[in-house]
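Thank you for making time this morning. I would like to walk through one structure with you, beginning with a single chain and ending where two chains meet.

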Amino acid sequence: MTSVSVIDQLKKAQILELLEQGKRVDGRALDEPRKICIEINAIPKANGSARVYLGDTQVLCGVKIQPDKPFPDVGDKGMFMCTAELLPLSHPTVETGPPQAPVIELARVVDRGIRESHMVDVSDLVIEKDKSVVGVFADVVAIDYDGNLFDACSYAATAALLTSKTPTWEMVDDQPSVVEGGDKPLPVNTIPVSVTMGKIGNYIVVDPNGDEWESMDSRITITTDSDGNIVALQKGGSDGFTQDEINQCGELSVKVGTKIREQLKSSQQESQ
Amino acid sequence: MGGRDATMVLLDENGIRCDGRKIDEPRKIMIKAGGLKNADGSAYIEFGDNKILVGVFGPRDVHPKHMSNTDTGILRVRYHMEPFSVGERKRPAPSRREIEISKVIKEALEPAVMLEKFPRTAVDVFIEVLQADGGTRCAALTAASVALADAGIPMRDMVAAIASGKVADTIILDVNNEEDQAGQADMPVGYMPSLKKITLLQLDGVLTPEEYKKCVDVGVKGCEIVYELQKKALHDKYFGNRKD
């Protein structure tokens with residue numbers, strides 16, 4: 001690890017030097033995300049799926065929709081859950097075994113962004129109140145790593161949910177049973193978009209790539225909804241932000257998010 | 001956590017909240033520096049009905065050794081809730097929520113601690129939530145800063161923390177458990193008042209861009225109130241008349 005950190009420090013110096021001239025290592029503007037490629041229905045056996053490339057970062061999300069027992073205190077609502085995992089083939093340093101703190105944080109931040117936007121209309125996912133509800137599970141796996149898994153995983157889950165078809169169930173002998181030909185689009189309220197920004201020195205960069213991710217002092221992930229509201233936020237990394245920087249990041253997340261939302265919308269239309 | 005009571009009034013027509021506070025009023029906060037004999041530094045905080053104990057050890061040898069860093073010391077934080085700290089018994093093993101909060105608090109403290117002065121060592125912060133009532137991460141972070149200072153570890157500043165939020169379409173300071181469950185937004189803020197740096201920031205809930213800015217501002221102002229109480233706790237221990 002020591003040799004790696006020497007290289008990282010050299011890279012960081014170079015990245016910072018470029019930023020002082022207003023440039024980034026891969027030639028992007030500071031507020032410019034990498035190219036996003038969304039491939040919907042990558043896993044036809046899932047109820048919805050999407051493969052997302054964010055530059056060289058590649059993630060895959062599959063959505064499974066199935067009947068489940070409701071939580072005891074919310075029998076009038078369906079369930080939504082999103083997980084994220086790093087596959088061992090995504091990077092040489094990823095090990096098998098129970099997830100470590102960074103991966104747990106990743107999964108929870110991606111879940112929170114989508115959940116807090118109220119994207120999935122869970123009130124519409126009840127088969128029989130207090131008995132059986134519909135559970136929507138969006139599982140994201142990282143396949144190839146080049147920084148910023150937060151946004152890549154969020155876009156994949158959002159795209160997969162937007163293009164998901166849910167079966168219809170009815171209660172037969174107290175058990176949910178699928179109604180033939182009852183497939184319909186998953187009820188969706190809004191399109192959340194997460195935008196992650198890294199702070200390197202005193203510069204804020206949108207969508208840090210792998211090298212920038214290793215060099216940055218801190219980061220912030222902000223999720224906005226279709227109305228331009230801010231619905232979730234997570235600061236990470238070992239440095240702080242000034243209040244002005246936090247406000248600037250809020251504005252950036254709305255601006256950058258709007259364009260990405262259009263792209264997610266067009267992949268939804270493509271599926272119809 | 002507690003169940004939701006649909007009949008509860010979160011904010012009445014006089015601007016008074018469900019626990020009798022004004023919109024910009026924090027809960028009652030009591031911080032005590034020290035108190036543990038074996039820990040190198042410690043602190044106890046009562047933040048409303050939250051009761052949290054923090055012990056700090058170090059700088060000390062790192063085990064396992066491969067975790068040590070030749071350039072700098074490392075900070076390790078464990079945030080843990082007792083099984084009896086919440087309404088329904090919590091399983092004692094660390095949950096995913098606790099692991100995430102541990103990481104977020106660690107990263108909120110790192111900018112404050114001069115770890116580079118202690119290469120190859122570790123500073124361990126153990127946070128035990130004895131009773132939880134909404135806003136534990138902020139209370140824990142506040143107490144952890146005091147415990148680190150109590151341990152005599154060189155710091156650039158202390159991190160003060162408090163949550164702002166949105167309840168009944170109003171931006172409020174210090175979200176309690178009921179407001180967290182039934183309110184519209186919760187934004188924990190950790191802030192170093194002397195360095196003017198935000199080191200912890202999370203949000204769940206829906207805010208317009210204007211409300212977002214106001215929420216950050218209310219949180220930062222709240223942190224300045226908490227900061228004074230942190231300093232007072234240290235002052236009371238080291239310059240006060242108390243015997244401990």
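This is a predicted model: local features need pLDDT of at least 70, side-chain atom pairs count only at pLDDT 80 or more; totals for chains, interfaces and linings use all residues.

A compact globule of 244 residues would have a radius of gyration near 18 Å, and because chain B comes out at 18 Å, the expectation and the model agree.

As for secondary structure, chain B has four helices and nine strands, and reading along the sequence gives the pattern β-β-β-β-α-β-α-β-β-α-β-β-α.

I would like to stay for a moment with helix H1 of chain B, residues 96-109. Its 14 residues, at 1.5 Å a residue, should span 20 Å, and since the C-alpha atoms at its ends are 20 Å apart, the helix agrees with that estimate. Is H1(B) mostly covered or mostly open? It is mostly covered, with 10 of its 14 residues buried, and among these are B:Ile99, B:Ile101, B:Val104, B:Ile105 and B:Leu109, but also the charged residues B:Glu100, B:Lys106 and B:Glu107.

What, then, covers the buried residues of H1(B)? From chain B itself, the covering elements include strand E4 (74-81), helix H2 (136-150), strand E8 (185-192) and E9, while chain A contributes H2 and E12.

That brings us to the place where the chains meet, at which 30 residues of chain A are in contact with 29 residues of chain B. On the chain A side, helix H2 (101-116), strand E12 (230-237) and helix H5 (243-271) each supply at least two of the residues that touch chain B, and the largest share, eight residues, comes from E12(A). By class, this side of chain A has nine nonpolar, 12 polar and nine charged residues.

Finally, E12(A) is also joined to a strand of the other chain, for four bridges link it to strand E9 (residues 197-207) of chain B, and the two strands run antiparallel. In that pairing, A:Ile230 stands opposite B:Leu207 in E9(B). So, to recap in one sentence, E12(A) pairs with E9(B), and both strands are among the elements that cover the buried residues of H1(B).

Conventions. Residues are numbered from 1 along each chain as its sequence is written. Chains are lettered from A and ligands numbered from 1 in the order in which they are written. Two residues are in contact if their C-beta atoms, placed from the backbone, lie within 7 Å. Two strands pair if DSSP finds at least two bridges between them. The expected span of a helix is 1.5 Å times one less than its number of residues. A residue is buried if 20 or more other C-beta atoms lie within 10 Å of its own, exposed if 12 or fewer, and partly exposed in between; C-beta atoms are placed from the backbone. The radius of gyration is taken over C-alpha atoms; the globule rule is 2.2 Å times the number of residues to the power 0.38.
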